[in-house]
Amino acid sequence: MSDYLAGLRAGDSEHAPLAASSAGRAVVAVRGLHAFALTEGLREDDPAKTVRPPQPPRRLPHAISVPDVARLLQIAGDSPAQRRDRALLELLYGTGARISEALGLDVEDLDLTGGRGGSVGTVATVRLTGKGDKQRIVPIGTYACHALEAYLVQARPALAAGTRTGQHGVGQHGQAVFLNARGGRLTRQGAWGALRAAAAKAGLDEISPHMLRHSFATHLLDGGADVRVVQELLGHASVSTTQVYTLVTVDKLREVYAAAHPRALG
């Protein structure tokens, strides 16, 4: 069985080598066949029992640079939709929220008083509801706070005016933060459209909402944030999930070291 797996990975004159994911599916199928044969009494042993599918290579999250983020967030225009899109993208990058978490926000989930010059030491915050309905409180930076305030005061009322009976702009516990042109809650498709339009204006390709989350985490770690703090901000259940971002940071440190240290290359 081990030879079979090695053959899948190496390939031969008639078959191209299989990726780890494809070889893993083949191994699972063969293991199932042997387990069935053992259960049915067709075999007295299971030679595939100890063979484990290969682990696919760990994909590193792709973050965009700080200057690219700044260009992406320079959404010009004062229309309600443009103010909404600016607020949404600022929130995604400023809090590391998943797109589903941002679109699921109700107005009561926002506390922007700290961002409007509240008492000393206070900051604006947002309550995000993540996987398994777990909630976390995340601070909102000044840029995102100002963009949200401008949207809520100057643009959201115009979008809310399009609300019809039966629309879900009004949630069970409050009103949706991000509305579409009909006054309903903004959809994932609408959010993707906003991001694609902003990326096109910034001259950036292959940008996704999750890349803003990746960039949030990577830039925090680059700035010296503790990985466990980033874990809490992202809402990861395990720090091992967050540690993948440290690999990206280590790669960047190597590049800086190689380029800047006089004796890095000999």
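Predicted model: local features only at pLDDT ≥ 70, side-chain atom pairs only at ≥ 80, totals over all residues.

**Entry 1: a serine to begin with**

I started at Ser215 and asked for its neighbours, leaving out residues up to four places away in sequence; the list came back as Ala63, Ile64, Val69 and Tyr93. Next I checked where Ser215 sits, and its place is in helix H9. Is Ser215 buried or exposed? Its relative accessible area is 0%, so I put Ser215 down as buried, the cut-off being under 20%.

**Entry 2: the whole chain**

I stepped back for an overview. The protein chain has 12 helices and 5 strands. I then looked up burial across its 266 residues, and buried ones make up 39%. For contacts with a separation of 6 or more, I found that 55% join residues 24 or more positions apart.

**Entry 3: H9 against H10**

Back to the helix that holds Ser215. I remind myself that a packed pair of helices is described by the angle between the axes and the distance between them. H9 covers residues 209–222 and H10 covers residues 227–234; their axes are 10 Å apart and the packing angle is about 155°. That makes the two helices roughly antiparallel, because angles over 145 degrees count that way. I noted the crossing of H9 and H10 as right-handed. Which residues make the contact? On the H9 side I wrote down Arg213, Phe216, Ala217, Leu220 and Leu221, and on the H10 side Val227, Val230, Leu233 and Leu234. Sorted by class, the residues of this contact are 8 nonpolar and 1 charged, with no polar ones.

I was curious about the nonpolar side chains next. In soluble globular proteins, such side chains tend to be buried together. Here the largest nonpolar core holds 54 residues, and the members that touch the most others are Leu72, Ile140 and Phe178. Which helix gives this core its largest share? It is H4 (residues 80–95), with 6 residues.

Not counting residues up to four places away in sequence, Phe178 touches Arg84, Ala87, Leu88, Leu91, Ala102, Leu148, Tyr151, Gly184, Arg185 and Leu186.

**Entry 4: H4 against H6**

The axes of H4 and H6 come within 8 Å and cross at roughly 150°. H4 is therefore roughly antiparallel to H6. The crossing of H4 and H6 is left-handed. From H4, the residues I listed are Pro80, Arg83, Arg84, Arg86, Ala87, Glu90 and Leu91; they meet Tyr143, Ala144, Ala147, Leu148, Ala150, Tyr151 and Gln154 of H6. The class count for the contact of H4 with H6 is 9 nonpolar, 1 polar and 4 charged.

While on H6 (residues 142–154), I looked up Thr142, which lies in it. Thr142 is exposed, with a relative accessible area of 52%. I also took a distance to Val123: C-alpha to C-alpha, Thr142 and Val123 are 8.8 Å apart in space, and they are 19 residues apart in sequence.

**Entry 5: H4 against H8**

How do H4 and H8 lie relative to each other? Their axes are 10 Å apart and the packing angle is about 90°, so the pair is roughly perpendicular. H4 brings Gln82, Asp85, Leu88 and Leu89 to meet Ala191, Ala194, Leu195, Ala198 and Lys201 of H8. I counted the classes for the contact of H4 with H8 too: 6 nonpolar, 1 polar and 2 charged.

**Entry 6: two positive phi angles**

Last, I went through backbone torsions. Asp133 is not a glycine, yet its phi is positive, at about 60°. Asp133 belongs to the loop between strand S2 (124–129) and strand S3 (135–140). With 64% relative accessibility, Asp133 counts as exposed.

Glu206 is another non-glycine with a positive phi, about 55°. I found Glu206 in the loop between helix H8 (188–202) and H9. Glu206 is exposed as well, with a relative accessible area of 73%.

Terms used:
Residues numbered from 1 in each chain as written. Heavy atoms only, no water. Axes fitted to C-alpha atoms, helices over the stretch in contact; angles between N-to-C directions. Helix = DSSP H or I, 4+ residues; strand = E, 2+ residues; numbered from the N terminus. Parallel < 35°, antiparallel > 145°, perpendicular 65-115°, else oblique. Left-handed = near helix turned anticlockwise from the far one by under 90°. Contact = heavy atoms within 4.5 Å. Nonpolar A, V, L, I, M, F, W, Y, C, P; charged D, E, K, R; others polar. Core = buried A, V, L, I, M, F, W, Y, C linked by side-chain atoms within 4.5 Å. Buried < 20%, exposed > 50% of the residue type's maximum accessible area, 1.4 Å probe, protein only.
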